[in-house]
Amino acid sequence: MKIGYPCVNEAMDCSSGNTFRLASYSDERVVAAVAANLVCLRRMLEWNVAHGLLFFRIGSSVVPFGSHPVNTFPWQTHFAAEFRAIGDYIKANNLRVSFHPDQFVVLNSPSTEIVQRSIQELGYQGLMLDLMGLDSTAKLQIHVGGLYGDRELAIRRFAAVYATLPAAVRARLVVENDDRLFSLRDCLELHQLTGVPILFDNFHHECLHHGEPMAEALRLAAATWHPTADGVPMMDYSSQALGERKGKHTNDLVDDRFAAFLDDLHGLDFDIMLEIKNKEASALRAVALLRERGLSPAAPNPSPPLKLPPDARAPVKGPRAGKPAVANASS
């Protein structure tokens, strides 16, 4: 069982999502941004390994405008060695990584244009995983999409588009139950039509369900993952922020709620992505709780850090107020 957090390490002084405005696009800006983003991604992965956090969601903007027609720069070949080195580090340290494309990726849209842009974005993010040399257990996580006035038609439209996706994208794609439109039951119907695994979100299930107890919902979702092609099932974890609107994620891990959730697993193995505002801080507490239960290795055993050179032109993220920057784990 692995614990992770998404995209940004709040304790570090860099970002892997450096970008720029479309109007100021140039090949030189792409090179500078991607170089900076890959160096920061490497540093975050090293930090995570040093702290026993072995699951990470990579941000979608590693390559600015990676799926946009404006970007004709051959970043795939220019940065092939850097992507491969990061993938080698991921495999050497038994890390799990994923992407969660942005909300504009909607495969069941009635708009052909939106569907085509969505497919292009999935292809771009899947290509990054391919460049890293990672297998199909590294996933692309999306939602079912919109209702458009007809739930059954919306589900079947997703299934029809799914059948046209490149095989490399289909092999990585997973769907997440959401908190307003498509429940676990809807995702199970989609799984029956397509075979797509369900990435279960416990908090969304609490907000939208059909009476399935949490333990049963976890079992149903886990059963949609192939043990070798898909790997250990992934899931998102969060809980309700007290006193806030329904569906608002908590800012910090609530230890006793997380411990109670672990009881609902009843021996099931999941890699758990914490969708909690303070990111790595909560992830560190969660992995400590797993270790107390014997569900996570006692201590990390990292391989030597990557040796990608830093980029002197790289823009950096300033430390958040009240939070000191943490040095690179390899230093």
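1. Strand S5 covers residues 173–176. Leu173 and Val175 point one way from this strand, while Val174 and Glu176 point the other way. Each of these residues is buried. The model is a predicted one, and the points below should be read with that in mind.

2. Strand S5 has a partner on either side of this account. With S4 it runs parallel, joined by 4 bridges. Here Glu176 in S5 stands opposite His143. With strand S6 (residues 198–201), S5 again runs parallel, this time joined by 2 bridges. Glu176 is part of this pairing too, standing opposite Leu199 in S6.

3. Strand S4 also pairs with strand S3 (residues 96–99); the two run parallel and are joined by 2 bridges. In this pairing Phe99 stands opposite Leu140 in S4. Why is S4 described as largely enclosed by the rest of the structure? The reason is that 4 of its 5 residues are buried, and a residue is called buried when its relative accessible area is under 20%.

4. The largest nonpolar core has 88 residues. Those that touch the most other members are Ile3, Phe83, Phe258 and Ile272. Helix H1, which spans residues 27–50, gives the most to this core, namely 12 residues. Another core, of 6 residues, lies apart from it; Leu199, Trp225, Met234 and Met273 are among its members.

5. What is Ile3 in contact with, leaving aside its neighbours within four places in sequence? The list includes Leu53, Leu54 and Phe55. It also includes Phe258, Ile272 and Leu274. Ala283, Ala286, Val287 and Leu290 are in contact with Ile3 as well.

6. The largest pocket has a volume of about 1,100 Å³. It is lined by 37 residues, and the closest to its centre are Arg57, His100, Gln103, His143 and Glu275. His143 is the residue that stands opposite Glu176 in S5. Strand S2 (55–58) and strand S4 (139–143) each supply at least two residues of the lining. By class, this lining has 12 nonpolar, 14 polar and 11 charged residues.

7. The second largest pocket has a volume of about 280 Å³. Of the 16 residues that line this pocket, Phe65, Gly66, Ser67, Phe104 and Glu121 lie nearest its centre. Its lining divides into 6 nonpolar, 7 polar and 3 charged residues.

Methods
Residues numbered from 1 in each chain as written. Predicted model: local features only at pLDDT ≥ 70, side-chain atom pairs only at ≥ 80, totals over all residues. Heavy atoms only, no water. Core = buried A, V, L, I, M, F, W, Y, C linked by side-chain atoms within 4.5 Å. Buried < 20%, exposed > 50% of the residue type's maximum accessible area, 1.4 Å probe, protein only. Contact = heavy atoms within 4.5 Å. 1 Å grid on protein atoms, 1.4 Å probe; cavity = no way out; pocket = protein on both sides within 12 Å on 5 of 7 lines; lining within 4 Å. Points joined across faces, edges and corners; volume = space filled by probe spheres on them. Nonpolar A, V, L, I, M, F, W, Y, C, P; charged D, E, K, R; others polar. Pairing = 2+ DSSP bridges.
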